[in-house]
Amino acid sequence: MVQILDGKAVAKALREQLTTELAASGLKPTLAVVFDPADDGSRLYVGMKQKAAAKVGIETRDIAVSADATTESVEKIVAKLNQDASVSGILIQAPLPKEVDDAAIFAKVAPEKDVDGLGVTNQGRLFANEAGNYPVAATPKGVMTLLNYYDIDPRGKRAVVVGRSQLFGRPMAALLLNADATVTVAHRYTKEETLNNLLAEADIIVVGVGIPGFIKASQIKEGAVVIDVGMNLVDGKACGDVEAAAADKAGWLTPVPGGVGPMTIATLLESTMEAALEQAK
Ligand SMILES: NC(=O)C1=CN([C@@H]2O[C@H](COP(=O)(O)OP(=O)(O)OC[C@H]3O[C@@H](n4cnc5c(N)ncnc54)[C@H](OP(=O)(O)O)[C@@H]3O)[C@@H](O)[C@H]2O)C=CC1
Ligand SMILES: Nc1nc(=O)c2c([nH]1)NC[C@@H]1CN(c3ccc(C(=O)N[C@@H](CCC(=O)O)C(=O)O)cc3)C=[N+]21
């Protein structure tokens, strides 16, 4: 019988812990969110992040970029936020308008304010498995928190990450490698047969490709841990990248909604608090 990895419940517990820690610290961090208001997903997710932030005691400042924004114009916005001592963390919500190079913007955020861990300095620290406290991408870090909560230890396990974006796949693979899993990353050029063979052997599958029902129950090894990062809107309803029937094969499964999503938000707030605590030292 599949065990549900309840991201909603774990995220709630994490938010409650943050509320207490923030109150005790006396800090009032400010999270600046740079986003494209014309993107439906961004409006929805930024709204959810702002609501959650307010509840734990983090101020948010939303900076909506215009449709004709360019990489240079957004770089200027980020430079100002880097200099602004009242800003503890900066989130660049992807995707930005089409003329903007998202990765170039991620790289411009001051590492100590890069609370989504997407900048090259923090991604490099993760890749190098550097010790110490630095921001890590919210979604993959939230996945690790969830695995940890349910005592699922990646060490020595075969882990397959499907997707290799800066936002999810690459930092996810690095975190699993740092946790001593044997990691394989699949992507658009991975042949179907190769992917099937990888999934059939996988103890842990983490998928984020943005294709509803992409992972089939038939591809999953009995009892595997299946983490669905996918967030697709089908007829206005949120669904993941894993077909529902996967629940008959998986040993553990994150639901969509109520799995990775809430963990992403709670983890962003956790990283914002950690950044504010570092800056207050
Ligand atoms: N729940 C949450 O908190 C979050 C959810 N998401 C969701 O996760 C999904 C992925 O997001 P993101 O990483 O930003 O997306 P991107 O579009 O940046 O990356 C998609 C990845 O999937 C790979 N891919 C596409 N098609 C296939 C295929 N047929 N077989 C194997 N790999 C494929 C791409 O390969 P290639 O590199 O070769 O192009 C790419 O690496 C989306 O649904 C997004 O909404 C994202 C972040 C947070
Ligand atoms: N720099 C950056 N960091 C991100 O973390 C980031 C981003 N850009 N761009 C877009 C993706 C997407 N993302 C989600 C966060 C929460 C939910 C979430 O909580 N979803 C609810 C369902 C919401 C609904 O009902 O539609 C759930 O899964 O329970 C979904 C998606 C963060 N992203």
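Tutor: Before we look at any sheet, remember that two strands pair if DSSP finds at least two bridges between them, and that helices (H or I, at least four residues) and strands (E, at least two) are DSSP runs, numbered from the N terminus. This is a predicted model, in which local features need pLDDT of at least 70 and side-chain atom pairs count only at pLDDT 80 or more, while totals for chains, interfaces and linings use all residues. Residues are numbered from 1 along each chain as its sequence is written, chains are lettered from A and ligands numbered from 1 in the order in which they are written, and side-chain values use heavy atoms, with hydrogens and water left out.

Student: In what order do the strands of the six-stranded open sheet lie?

Tutor: The order is 1-11-8-7-5-6, and the pairing is parallel. At the edges are strand 1 (3-4) and strand 6 (182-186), each of which pairs on one side only. Within this sheet, strand 5 (residues 158-162) runs parallel to strand 7 (residues 204-207), and four bridges link the two, with Val162 opposite Val207 of strand 7.

Student: Which strands does helix 7 touch?

Tutor: Contact means heavy atoms within 4.5 Å, while axes are lines fitted to C-alpha atoms, for helices over the stretch in contact, and angles run from 0 to 180 degrees between N-to-C directions. Helix 7 (residues 169-178) packs on the sheet and touches strand 5, strand 6 and strand 7, its direction making about 170° with that of strand 5.

Student: What is the strand order in the open sheet of three strands?

Tutor: That sheet has the order 3-2-4, again with parallel pairing. Strand 3 (59-64) and strand 4 (89-92) are its edge strands, each pairing on one side only, and the twist averages 20° from one strand to the next. Strand 2 (residues 30-35) is joined to strand 4 by four bridges, and the two run parallel; here Val33 stands opposite Leu91 in strand 4. Helix 3 (residues 71-83) packs on this sheet, touching strand 2, strand 3 and strand 4, and its direction makes about 180° with that of strand 2.

Student: At what angle do helix 2 and helix 9 pack?

Tutor: For such a pair, angles under 35 degrees count as roughly parallel, over 145 as roughly antiparallel, 65 to 115 as roughly perpendicular and the rest as oblique. Helix 2 (residues 40-56) and helix 9 (residues 260-280) pack at about 50°, with their axes 10 Å apart, which means that helix 2 is oblique to helix 9. The contact involves Met48, Lys49, Ala52, Ala53 and Val56 from helix 2, together with Ile265, Leu268 and Leu269 from helix 9.

Student: What is the phi of Asn129?

Tutor: Asn129 has a positive phi, about 50°, although this residue is not a glycine. Asn129 lies in the loop between helix 5 (120-127) and helix 6 (138-149).
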